[in-house]
Amino acid sequence: MRTPAAMIVGLVLCPCGLLLTLTGTLTPKWRQVSRIPDQPTDLVLEQGIWDVCSERQSSHLRLCGQADELGYFEQMPVRVARGLMPASLVVTLLGLVVAALGVRCWQEEPRHTLAGAAGLVLLLSGLLSLISVSWYTHKLWALPAPASSTLAVGYSLVLSYLGSCLEILGGLALALSFHRCCQERRALKSPPSPTPAPGSRTTARAYHNPADVLRDERDGRGWRSTLPCDSDL
């Protein structure tokens, strides 16, 4: 049996989402702070959920591990992202393992129930990361920053968004396996339709008009009435 297209889509989208989410989680570029007063004009401050880096755009000199003087890491959106993003990665890995056991590309028949359960797990992982990046984006301009500086969205936040959406779409695709499972159960419960044995006679048809009997015999129907009629005499 060929692997259903929905399972293939889920197995392609979810690993891609995992890589994007992992990159967004580890890289310190959720927010960019530029044009900081009393600092060089080419200095850009890059803030993530684990580290803060400064970079001189003219010389590309990059220094990480900057001191958090404004209490950036103490803010609730950053603390929530620190908890939900790693949890999303762990749940995604668990969902991919369950999905591999359910799809079973090396076997003829996939396990639709297991693949559907994996889809729900991957859907949950995508929602976890989406909640954290959405809250961070909503509070991005409210987080502590030097006065009169310019704030911008970093690429790490964009990658996390894309990864979350891919995991949600992949999880929904795998969750469609529950529909196939329900179809198979209905097919097992419904009795098979009886098929007439070769050479067996079909049920006799009742006639109320002799003209109908002659018309059917003239059309060459494969069955004959069990009741006597003028043509049988």
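Buried means under 20% relative accessible area, exposed means over 50%, and partly exposed lies in between. These legends apply those words to a predicted model.

**View 1. A disulfide joins Cys53 to Cys64.**
A search of the whole structure finds 1 disulfide. In this pair, Cys53 and Cys64, the sulfurs sit 2.1 Å apart. The bond links distant parts of the chain: Cys53 belongs to strand β3 (residues 52-56) and Cys64 to strand β4 (residues 61-64), 11 residues apart. A disulfide is a covalent bond between the sulfur atoms of two cysteines. The torsion about the S-S bond of Cys53 and Cys64 is about 105°, so this disulfide is right-handed. Cys53 has a relative accessible area of 0%, so Cys53 is buried. Cys64, at 43%, is partly exposed.

**View 2. Cys16 lies too far from Cys14 for a bond.**
Which cysteine sulfur is closest to the sulfur of Cys16? That of Cys14, but the distance is 9.2 Å. A disulfide needs sulfur atoms within 2.5 Å, so the sulfur of Cys16 is too far away for a bond. Cys16 is partly exposed, with 39% relative accessibility. Cys165 is also partly exposed, at 36%.

**View 3. Strand β2 is largely enclosed.**
Strand β2 covers residues 43-47. Of its 5 residues, 5 are buried, so the rest of the structure largely encloses β2. Both faces are covered. Leu43, Leu45 and Gln47 are buried on one side. Val44 and Glu46 are buried on the other.

**View 4. β2 pairs with β1 and with β3.**
Strand β1 (residues 31-34) runs antiparallel to β2, with 4 bridges. Here Gln32 stands opposite Glu46 of β2. β2 and β3 are antiparallel too, with 5 bridges. Ser54 in β3 is the bridge partner of Leu45. β2 and β3 make a hairpin, and 4 residues lie between them.

**View 5. The largest nonpolar core has 17 residues.**
Which residues have the most contacts inside this core? They are Trp30, Ile49, Tyr72, Val78, Met85, Tyr136 and Leu157. Two elements, α2 (76-103) and α3 (112-138), each give two or more residues to the core. α2 gives the most, with 3 residues. Take Ile49 and set aside its neighbours within four places in sequence. Ile49 then contacts Thr25, Trp30, Phe73, Val78, Ala81, Arg82 and Met85.

An α-helix has 3.6 residues a turn, so residues three or four places apart point the same way. After α2 comes Arg104, with a positive phi near 50°.

**View 6. His60 and Ser148 have positive phi values.**
Neither residue is a glycine. His60 has a phi of about 60° and sits in the loop between β3 and β4. His60 is exposed, with a relative accessible area of 59%. Phi of Ser148 is near 65°. Where is Ser148 found? Its place is the loop between α3 and β5 (150-153). Ser148 is exposed, at 69% relative accessibility.

Terms used: Residues are numbered from 1 along each chain as its sequence is written. This is a predicted model: local features need pLDDT of at least 70, side-chain atom pairs count only at pLDDT 80 or more; totals for chains, interfaces and linings use all residues. Side-chain values use heavy atoms; hydrogens and water are left out. Buried means under 20% relative accessible area, exposed over 50%, partly exposed in between (1.4 Å probe, protein chains only). A nonpolar core is a set of buried Ala, Val, Leu, Ile, Met, Phe, Trp, Tyr and Cys residues joined through side-chain atoms within 4.5 Å. Contact means heavy atoms within 4.5 Å. Two strands pair if DSSP finds at least two bridges between them.
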